[in-house]
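Please examine the sequence and the structure shown below. The paragraphs that follow lead through selected features of one chain.

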Amino acid sequence: MALPLSYSVRNVAARPARTLMTASVIALVVVACSLFLGLISSLKRTLVSSGDPRNVVVMRKGSDNDGSSQLSLESYQAIRFFDGIARDTEDQPLTSPELVVQPFFRTREGGRENVLVRGVEPVALAVHDDVHLVEGRMFTPSSGEAIVGRGVVGRYAGAALGDTLEFGRGRWKVVGVFESHGSSFESEVWVDVRALANDARRPFPYSGIRVRVATPADADPLMRRIDADPRFALQAERETDYYAKQAESANSLYVLVVGIAVLAGIGAGFGASNNMYAAVQARTAEIGTLRALGFSRAAILTAFQVEAVALAGVGFVLGAGCALALSVFLRLLLGGVAFGAATFTTNVITLRVGAADLGGAFVLAALVGVGGGLGPAWRAARLRPIEALRKA
Amino acid sequence: MLAVLLVCLLLTMPAGLDAFLDNIASNTRVSVHNKAGLVYAMPYAFTRKVRQIDGVAAAVAMVWFGGAFEEAGRVTFPNFAVEVEHVGAVYPDYGIAPQQLADFQRYRDGAIVGRQTLHKYGWKIGDRVTLRSTVWPVALDFRIVGEIPNDRAPLFWMNREYLDQALKAQARPGLGIAGMIWVRASDPGRVNAIMREVDDLSRNSEAETSSETEKSFFSNFFGSLKGFVTIILIVTALVALCIVFIAANTASMGVRERAGEIAVLKAIGFGQRVIFGTLLAEAMALSAGAGLGGVLLAIGVTHALRAFAGWSPSLGPLGSFIVTAPVIVDGAFLSLFVGMLAGVVPAYGAATKPVVATLHEVF
């Protein structure tokens with residue numbers, strides 16, 4: 001004979017404080033867990049998703065990033081016509097010469113941060129085809145215009161569509177905003193490459209070239225040819241490898257966050273199951289009574305298990321709602337979470353709690369619900385009714 | 001206990017930042033750099049003009065070398081080319097031995113290295129190391145002639161002339177620039193005047209400068225980490241809140257289990273206050289014990305972490321994992337507070353319940 005569901009429902013009415021506490025502890029655990037998972041996955045997205053396997057990065061030999069590389073106009077013009085480079089509809093090679101500078105930007109709070117400013121030509125949007133404008137338009141070369149990444153908008157003074165940014169020696173009008181699926185490009189500002197070289201008084205016009213290969217098989221021969229060319233002392237690597245190497249320097253940060261999250265998860269999960277355990281244990285006498293009335297062990301176990309899972313479910317829903325609200329609130333408050341990149345520039349990650357993060361939190365809540373409820377319910381169901389009753 | 005460990009660990013991050021700013025930054029040192037950013041250099045000759053300003057005790061020009069050691073292929077500790085004859089006078093507080101500073105001037109390929117980096121790579125004074133620059137097209141051999149005797153100093157200083165000549169040997173123009181100029185004022189009261197004069201001196205030139213105190217420089221440099229710390233602190237607060245709930249629950253379980261004992265104690269005449277006090281004291285003692293354990297564990301863990309953490313551009317001083325005295329006090333107070341919060345409700349309940357009711361629950 002199954003225990004009627006109304007028993008569990010009435011229990012909530014009979015012990016509102018305790019039930020609420022159990023549910024809210026689970027909710028808190030879910031909030032903490034999903035925020036952490038959100039932070040981890042946002043961080044990972046920025047670190048890992050940058051770069052395109054079809055692109056090759058060309059830099060001066062020995063440089064470890066765009067920011068410290070230099071490259072001459074002659075080498076760009078030579079490499080542009082190497083074999084194996086993809087071409088656009090007008091038969092122009094898809095090679096994007098780029099100059100990276102890290103000037104100070106004023107944050108809205110009055111601090112200052114190094115921001116990666118990338119000087120590009122309009123072809124850059126074709127080479128980096130995951131970068132797309134979501135507002136406004138592409139800048140017009142040599143007219144003091146800039147487009148800014150989503151992560152930069154609102155973080156710095158003047159970094160909004162239609163506003164004027166001040167960095168380096170000049171002023172730049174923001175005419176567009178771009179996104180790139182959360183990759184590190186979103187923390188950058190793009191301007192005309194010649195204007196930037198002029199502003200930064202750079203002896204070399206470029207710091208590197210990004211090349212789109214025609215077919216995947218062309219990448220290796222092209223990279224070998226660039227590496228081996230004695231005229232320029234350049235090195236080439238796949239864009240994905242390049243960003244993977246950049247991400248290594250943020251590994252300590254990543255490990256730290258994951259470490260904290262694991263510790264917090266263990267602590268909170270342990271505590272929440274403890275809470276659940278107590279909630280069931282407090283009702284030993286009731287279980288004894290139910291047994292005395294003739295309900296089977298299986299029925300009692302099922303009822304308690306259903307109740308525990310339902311409670312965990314309520315806690316999860318509450319917690320997930322809070323986590324989403326909190327992440328939106330934090331986004332508005334902080335406008336993204338910044339960390340220093342290997343190029344000494346600021347990477348801004350937008351804290352997003354996605355479905356996968358909530359899924360992780362759900363697994364934890366379910367573990368707490370099932371694990372925390374099973375132990376005491378099983379023990380209580382196994383007690384002889386007379387002993388359980390004696391405890392009352 | 002786990003909770004206190006966690007909270008202590010998390011608190012070390014902002015504390016590390018504060019400790020860094022308070023301890024390392026001197027109140028007489030000023031940073032001068034191009035207003036547009038650290039990668040926008042200043043003409044080297046500007047250093048000489050700065051030196052002539054009244055109240056400037058010493059000034060040194062630094063250039064980022066961006067040297068990578070061995071396999072890494074990337075910069076694993078900050079390294080700069082400095083003016084060997086001036087650097088000692090700008091950093092007297094670093095406590096570098098005078099003999100080592102003299103050697104630094106004598107040997108063109110000399111280097112002075114912070115103890116953190118020395119330990120990390122197992123280098124000793126007298127060793128030779130090669131760094132390949134990621135900024136300049138050179139790889140240079142260095143002879144380590146001195147150390148900065150501070151376990152947390154990752155710095156590596158080399159002779160500016162050495163780099164300059166290496167560049168000229170490649171038929172390139174020499175250095176000619178100063179990335180940063182560090183100035184030491186003869187007395188703290190002159191600092192503001194010096195900063196103003198330096199910036200006035202460069203006004204309307206190709207490279208306008210902006211000067212700031214060392215503390216302000218580093219707090220700006222690491223300022224972008226603040227948002228990150230905020231998030232961590234928020235989550236920590238959430239976890240701490242969870243823990244209060246959980247501890248309260250555990251304490252009430254403990255009291256419930258001993259309902260019989262408490263009833264007997266009351267029956268033989270112990271007053272409500274005594275029972276309340278005993279239970280509360282017990283809860284607090286327990287959590288204080290756990291807190292102590294947590295703090296000790298945190299110290300142990302941070303030591304372990306520090307061993308392989310080292311310098312990293314993404315963490316900055318957050319990676320130095322220092323458990324400072326305030327962090328320990330915070331942790332201890334937190335655990336006492338948790339104990340009190342958690343103990344007070346069940347202890348009060350147990351103490352005020354009539355004897356008969358309690359005994360009734362037992363028998």
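Is B:F333 buried or exposed? B:F333 is exposed, because its relative accessible area is 56%; buried means under 20% relative accessible area, exposed over 50%, and partly exposed in between, with a 1.4 Å probe and protein chains only. This residue lies in helix α12 (residues 325-352) of chain B. Helices (H or I, at least four residues) and strands (E, at least two) are DSSP runs numbered from the N terminus. Between the C-alpha atoms of B:F333 and B:F46, which are 287 residues apart along the chain, the separation is 52 Å.

The model is predicted: local features need pLDDT of at least 70, side-chain atom pairs count only at pLDDT 80 or more, and totals for chains, interfaces and linings use all residues. Residues are numbered from 1 along each chain as its sequence is written, chains are lettered from A and ligands numbered from 1 in the order in which they are written, and side-chain values use heavy atoms, with hydrogens and water left out.

The predictor's confidence in each residue is the pLDDT, from 0 to 100. Chain B has a mean pLDDT of 80, with 80% of its residues at 70 or more. Where pLDDT is low, the predicted coordinates should not be read in detail.

Helix α4 (residues 98-106) of chain B has the buried residues B:Q100, B:L101, B:D103 and B:F104. They lie on the same side of α4(B), because they cover an arc of only 160° around the axis. On the other side, B:P98 and B:R106 are exposed.

Note on methods. The arc is that of the directions from the helix axis to the C-beta atoms.
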